[in-house]
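Here are some friendly notes to read alongside the structure. Take them one at a time, and find each residue on screen as you go.

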Amino acid sequence: MNGIDRPGLATGLDSIHVIRFEKVVKTYPGQSHTALDQVSVDIEKGEFVFLVGQSGSGKSTFLRLILREYRPTSGKVHVAGKEINRLASWKVPRLRRQIGTVFQDFRLLQNKTVAENVGFALQVIGKSRSHIRTAVPEALDLVGLGDKADRLPDELSGGEQQRVAIARAFVNKPMILIADEPTGNLDPTSSSEIMKLLDRINRTGTTVVMATHDAGIVNEMRKRVIELEHGRVVRDEASGIYGNQN
Ligand SMILES: Nc1ncnc2c1ncn2[C@@H]1O[C@H](COP(=O)(O)OP(=O)(O)OP(=O)(O)O)[C@@H](O)[C@H]1O
């Protein structure tokens with residue numbers, strides 16, 4: 001394994017760390033091994049980061065700690081300048097409002113239309129009806145589904161459903177977008193459309209952190225790559241590829 005070149009640290013004191021892990025250890029209750037082991041990572045505003053590593057290496061755990069679904073066993077997780085393990089529970093929803101999420105299995109509400117799925121994300125955080133009326137079509141246009149607003153999820157292809165999930169994740173213009181294997185259930189053409197969208201969203205300034213097993217995508221996009229192995233960071237490269245270069 002080569003060294004860790006820590007691309008996030010290059011810009012000096014003024015850099016804005018949207019996500020910072022400091023010596024984070026996570027051991028799940030009843031497990032003898034650590035899911036994350038002394039992980040220290042800085043991710044700056046506007047970065048696009050791929051998290052790679054074998055199944056069980058700790059990628060989803062890393063993402064779930066950002067969302068404060070779990071607290072670290074030791075170490076600190078900072079999101080948007082706040083140490084989130086110390087955040088009062090009632091402040092967690094406010095944190096999550098700043099983070100859009102996209103998963104392999106889309107997680108759409110099956111009994112709601114495409115527009116309702118996207119609008120619901122705004123409704124639950126108390127946005128006005130007039131805001132929802134303009135924001136939802138905009139988000140659906142962004143993902144190329146303006147003409148499918150009234151369809152139900154099961155009337156759409158997998159790739160289209162994932163585009164709805166992306167519209168839902170982005171409609172609130174989050175600071176961070178977390179994607180856990182978003183192309184895992186998709187064919188190569190749909191996957192490449194999803195990646196174009198994530199790239200576009202990233203260009204608006206949203207920090208994207210994506211866990212993936214898709215070597216083709218990582219090698220094509222040439223973004224920062226953080227590789228985990230048994231819960232440890234074994235590689236952190238700007239413009240990296242999927243596999244180890246050595
Ligand atoms: N809720 C949980 N309870 C107990 N152990 C867990 C839990 N979630 C994950 N683990 C364990 O923590 C380790 C890391 O799992 P994690 O899901 O973070 O890996 P991953 O890299 O995302 O894997 P995959 O690529 O298969 O999604 C594994 O050993 C896993 O079995």
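The points below go through a helix, a ligand site and some strands.

1. Before anything else, please keep in mind that this is a predicted model.

2. Let us begin with helix H6, residues 188-203.

3. Now look at which residues of H6 are covered. The buried ones are Ser191, Ile194, Met195, Leu198 and Ile201. Around the axis they cover an arc of only 120 degrees, which means that they sit on the same side of H6. Turn to the other side of H6 and you will find Thr189, Lys196 and Arg203, which are exposed.

4. What covers the buried residues of H6? The cover includes two helices, H5 (158-170) and H7 (215-221), together with the strands E7 (176-180) and E8 (207-211). Before you leave this helix, look just after H6 for Gly205, which takes a positive phi of about 110 degrees.

5. E3 is mostly covered, with 5 of its 5 residues buried. Phe48, Phe50 and Val52 point one way from E3, while Val49 and Leu51 point the other way.

6. Which strands does E3 pair with? One partner is E8, in the parallel sense and over 4 bridges. Another is strand E9 (residues 224-229), which runs parallel to E3 and is joined to it by 4 bridges.

7. Strand E1 (residues 17-26) and strand E4 (residues 74-79) run antiparallel and are joined by 5 bridges. To find the pairing, look for Arg20, which stands opposite His78 in E4.

8. E4 also pairs with strand E5 (residues 82-83), antiparallel and through 2 bridges. Here Val79 has Lys82 in E5 as its bridge partner. E4 and E5 form a hairpin with 2 residues between them, and Ala80 in the turn has a positive phi of about 50 degrees.

9. Finally, visit the ligand. The residues around the ligand include Tyr28, Gln31, Ala35, Lys59 and Thr61. Gly53, Ser55, Gly56, Ser57, Gly58 and Ser60 are also among them. How does this shell divide into nonpolar, polar and charged residues? There are 2 nonpolar, 8 polar and 1 charged.

Notes
Residues are numbered from 1 along each chain as its sequence is written. This is a predicted model: local features need pLDDT of at least 70, side-chain atom pairs count only at pLDDT 80 or more; totals for chains, interfaces and linings use all residues. A residue is buried if 20 or more other C-beta atoms lie within 10 Å of its own, exposed if 12 or fewer, and partly exposed in between; C-beta atoms are placed from the backbone. The arc is that of the directions from the helix axis to the C-beta atoms. Two residues are in contact if their C-beta atoms, placed from the backbone, lie within 7 Å. A residue is near a molecule or strand if its C-beta atom, placed from the backbone, lies within 6 Å of it. Ala, Val, Leu, Ile, Met, Phe, Trp, Tyr, Cys and Pro count as nonpolar, Asp, Glu, Lys and Arg as charged, and the others, Gly among them, as polar. Two strands pair if DSSP finds at least two bridges between them.
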